[in-house]
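I opened my notebook for a look through this fold, starting with the sheet and ending with the aromatic rings. Here is what I looked up, entry by entry.

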Amino acid sequence: MKKSYKGVVVHCSDSSFGNAQLIESWHKQRGWQTIGYHLVILNGQIENNTYLEFMDGQIEAGRDWDIAGAHAKGFNDHLGICLIGVDSFTTNQFKMLTKVLKSLMEKYNWSLKNILFHYEVSSKTCPNFNKNWFFENYMKV
């Protein structure tokens with residue numbers, strides 16, 4: 001595992017279903033070598049219109065942590081986390097994102113300033129939910 005990252009960039013898949021394997025295939029179709037994100041947080045919809053409750057909020061490994069990300073131009077020295085979803089996300093996804101972010105903050109001695117949402121570093125709206133809302137409701141800060 002890479003010794004240090006400058007922070008993390010939170011993304012969404014902009015799809016209502018998927019997992020790390022499907023995102024990797026989408027990224028390879030764009031000519032990338034592998035998935036651009038280091039972690040993917042599932043919403044239980046692995047396939048279109050097929051909800052599996054036990055997969056809601058589960059996390060899958062994406063890109064090897066020893067390899068720089070390919071998820072946010074100019075910020076690939078940050079870990080990339082992608083939540084499956086477009087405009088709505090599950091409570092289980094938010095709880096897992098909270099757990100992951102708090103763990104990374106402790107491991108790397110980060111503050112909230114090290115947590116970026118993709119829309120903060122690009123013209124995208126991704127991850128399509130408000131960072132302050134998330135911090136107030138889940139990170140409790």
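**Entry 1: the sheet.** I noted at the start that this is a predicted model. I began with C12 and asked which residue is its bridge partner in β4. The partner turned out to be L83. Going up a level, I found that β1 (residues 8-12) and β4 (residues 79-83) pair in the parallel sense, with five bridges between them.

I then wrote down the whole sheet: it is open, has five strands in the order β3-β2-β4-β1-β5, and its pairing is mixed. β3 (50-61) and β5 (115-117) are the edge strands; each has a single partner strand, so one side of each has no neighbour in the sheet. From one strand to the next, the twist averages 25°.

**Entry 2: a helix on the sheet.** Next I checked where α1 sits. Helix α1 (residues 20-29) lies across β2 (39-47), β3 and β4, and it runs at about 70° to β3.

**Entry 3: two helices together.** I turned to α2 (residues 91-108) and α3 (residues 131-139), and asked at what angle their axes cross. I got roughly 85°, with the axes coming within 10 Å. The range for roughly perpendicular is 65 to 115 degrees, and α2 and α3 therefore fall into that class.

For the contact itself, α2 brings T91, F94, K95, L97, T98, L101, K102 and M105, while α3 brings W133, F134, Y138 and M139. I sorted the residues of this contact into eight nonpolar, two polar and two charged.

**Entry 4: the rings.** My count of aromatic pairs came to 16. I looked at two of them more closely.

Y5 and Y108 have ring centres 6.2 Å apart and planes at 85°; this pair is edge-to-face because planes over 60 degrees apart count as such. Y5 sits in the segment before β1 and Y108 in helix α2, so the pair links parts of the chain 103 residues apart.

F94 and Y138 have ring centres 5.1 Å apart with planes at 40°, so I logged the pair as tilted. This pair joins helix α2 to helix α3 across 44 residues of chain. F94 has a relative accessible area of 6%, so I marked F94 as buried.

Terms used:
Residues are numbered from 1 along each chain as its sequence is written. This is a predicted model: local features need pLDDT of at least 70, side-chain atom pairs count only at pLDDT 80 or more; totals for chains, interfaces and linings use all residues. Side-chain values use heavy atoms; hydrogens and water are left out. Two strands pair if DSSP finds at least two bridges between them. Helices (H or I, at least four residues) and strands (E, at least two) are DSSP runs, numbered from the N terminus. Axes are lines fitted to C-alpha atoms, for helices over the stretch in contact, and angles run from 0 to 180 degrees between N-to-C directions. Contact means heavy atoms within 4.5 Å. Angles under 35 degrees count as roughly parallel, over 145 as roughly antiparallel, 65 to 115 as roughly perpendicular and the rest as oblique. Ala, Val, Leu, Ile, Met, Phe, Trp, Tyr, Cys and Pro count as nonpolar, Asp, Glu, Lys and Arg as charged, and the others, Gly among them, as polar. Rings of Phe, Tyr and Trp (its six-membered ring) pair if their centres lie within 6.5 Å; planes under 30 degrees apart count as stacked, over 60 as edge-to-face and the rest as tilted. Buried means under 20% relative accessible area, exposed over 50%, partly exposed in between (1.4 Å probe, protein chains only).
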